[in-house]
Amino acid sequence: MATHTHQGSLDRALRHAARLLLVLLLLAITLPAAAQSSRRSSPPPPPPPEPPSYPTVTMEHLTDDQLQQVRRVAEGMLCPCAGRSRSLHVCLETDDGACGLAREAGWVLVSGIRGGADDVSLAASIERAIDDARQVRTFALDQTPWKGAARPSVTIVEFADFECPSCRRMVPALNHVLRRFPDHVRVYFKHYPIPGHPNAMEAAIAASAAHRQDRFWEFHDRLFEHQSELQAAADPLPMFEQWAQELDMDLEQFERDMRDPAIYQAIQAQREEGARAGVSGTPTLYINGVRVLEGLNPGALEERIRTMIR
């Protein structure tokens with residue numbers, strides 16, 4: 001009886017062990033197959049978004065990661081253009097969708113990314129730049145050369161550099177609006193010599209000396225008409241003296257004024273004034289105190305001014 005009971009227990013143990021072995025064999029067969037099937041059925045990771053392409057914002061030499069950061073930040077911000085409810089990214093990627101504020105935001109974004117800023121810092125910098133561009137600025141104009149209306153309703157303050165090619169092209173645009181609106185528009189000229197232009201400061205000093213003899217605008221025109229000679233001159237002083245004589249100026253006073261440190265200090269003060277107002281390049285225009293971010297051609301300026309005097 002004891003032998004039979006022992007045999008039965010052994011048989012049950014063997015059957016249990018056999019079932020366990022069968023389960024283990026089945027698991028060994030099915031688990032790798034299931035894992036392989038799972039790997040086959042998992043969708044591949046999505047490709048990264050297309051890098052952004054903005055017609056009015058240069059993004060040369062940015063890495064792929066930096067381009068993706070441009071897109072990510074731009075997609076997360078609203079377009080600052082009036083009446084737009086889409087993202088900054090959508091505004092910038094279309095030729096006619098970006099107003100001046102959007103382009104300003106794009107330039108700040110790319111500049112910040114080149115400097116290694118993170119997304120949060122970039123968004124804050126863009127907001128500050130947009131707020132700054134919308135501010136109405138006031139300038140010290142008492143001693144500033146001007147031409148145009150005696151009682152203007154539209155005042156244009158230009159910050160310019162006599163060696164700047166774009167400033168030379170701005171001359172006919174401003175003359176155009178002065179002719180179109182002689183009773184409404186006044187243009188002021190502020191000096192903003194660029195450090196990389198070797199004769200820009202000397203030209204500003206000479207024009208300021210001419211201003212003391214009421215010949216600023218004539219000297220201004222000579223400087224822009226002969227800009228290539230100015231840029232190439234090792235010493236522009238003989239050229240300035242020749243123009244002073246041709247304009248019937250007192251040459252001794254002109255030379256004395258060019259050496260007057262007060263003129264240099266006044267030009268530096270104008271440059272600092274421009275920098276505080278957000279000037280970073282030339283030409284920069286302010287119409288009734290608001291920086292112009294787009295439309296610096298004669299037609300666009302005329303239309304802008306026309307809407308202001310209606």
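Let's start with helix 7, which is mostly covered: 10 of its 12 residues are buried. By buried I mean under 20% relative accessible area, while exposed is over 50% and partly exposed is in between, using a 1.4 Å probe and protein chains only. Helices here are DSSP runs of H or I with at least four residues, strands are runs of E with at least two, and both are numbered from the N terminus.

Before I go on, this is a predicted model, where local features need pLDDT of at least 70, side-chain atom pairs count only at pLDDT 80 or more, and totals for chains, interfaces and linings use all residues. Residues are numbered from 1 along each chain as its sequence is written, and side-chain values use heavy atoms, with hydrogens and water left out.

Okay, back to helix 7, residues 200–211. From first C-alpha to last, helix 7 reaches 16 Å, close to the 16 Å expected at 1.5 Å a residue; that expected span is 1.5 Å times one less than the number of residues. Among its buried residues are A200, M201, I205 and S208. So what do the buried residues of helix 7 pack against? They pack against strand 3 (185–191), helix 8, helix 9 (227–232), helix 10 (237–246), helix 11 (251–258) and helix 12 (261–276).

Now compare that with helix 2, residues 64–75. Helix 2 has 12 residues and reaches 17 Å, close to the 16 Å expected. Its buried residues are L67, Q68, Q69, V70, R71, V73 and A74, and their cover includes helix 3 (88–93), helix 4 (100–114) and helix 5.

Buried residues make up 40% of its 310 residues. Looking at contacts, meaning heavy atoms within 4.5 Å, residues 24 or more positions apart account for 70% of those with a separation of 6 or more.

Leaving aside neighbours within four places in sequence, D132 is in contact with R137, A277, G278 and R291. The side chains of D132 and R291 are joined by a polar contact of 3.4 Å. A polar contact is a pair of N or O atoms within 3.5 Å; within protein, one must be able to donate a hydrogen and the other to accept it, and residues adjacent in sequence count only if both atoms are side-chain atoms. D132 and V290 are 158 residues apart in sequence, yet 9.7 Å apart in space, C-alpha to C-alpha.

The next stop is R168, in helix 6. R168 is partly exposed, with a relative accessible area of 36%. Beyond its neighbours within four places, R168 is in contact with F224 and Q227, and a polar contact of 3.1 Å joins the side chains of R168 and Q227. R168 and F224 are 56 residues apart in sequence and 5.5 Å apart in space, C-alpha to C-alpha.

Helix 6 also takes us to the last topic, the largest cavity. Helix 6 gives the most to its lining, with 3 residues, and helix 6 (165–180) and helix 8 (216–225) each supply at least two. Which residues line the largest cavity? They are K147, E158, V171, L174, N175, V187, W217 and H220. And that's the tour.

Conventions
On a 1 Å grid over the protein atoms alone, a cavity is a set of points where a 1.4 Å probe fits but cannot get out, and a pocket is an open set with protein on both sides within 12 Å along at least five of seven lines; lining residues have an atom within 4 Å of a point.
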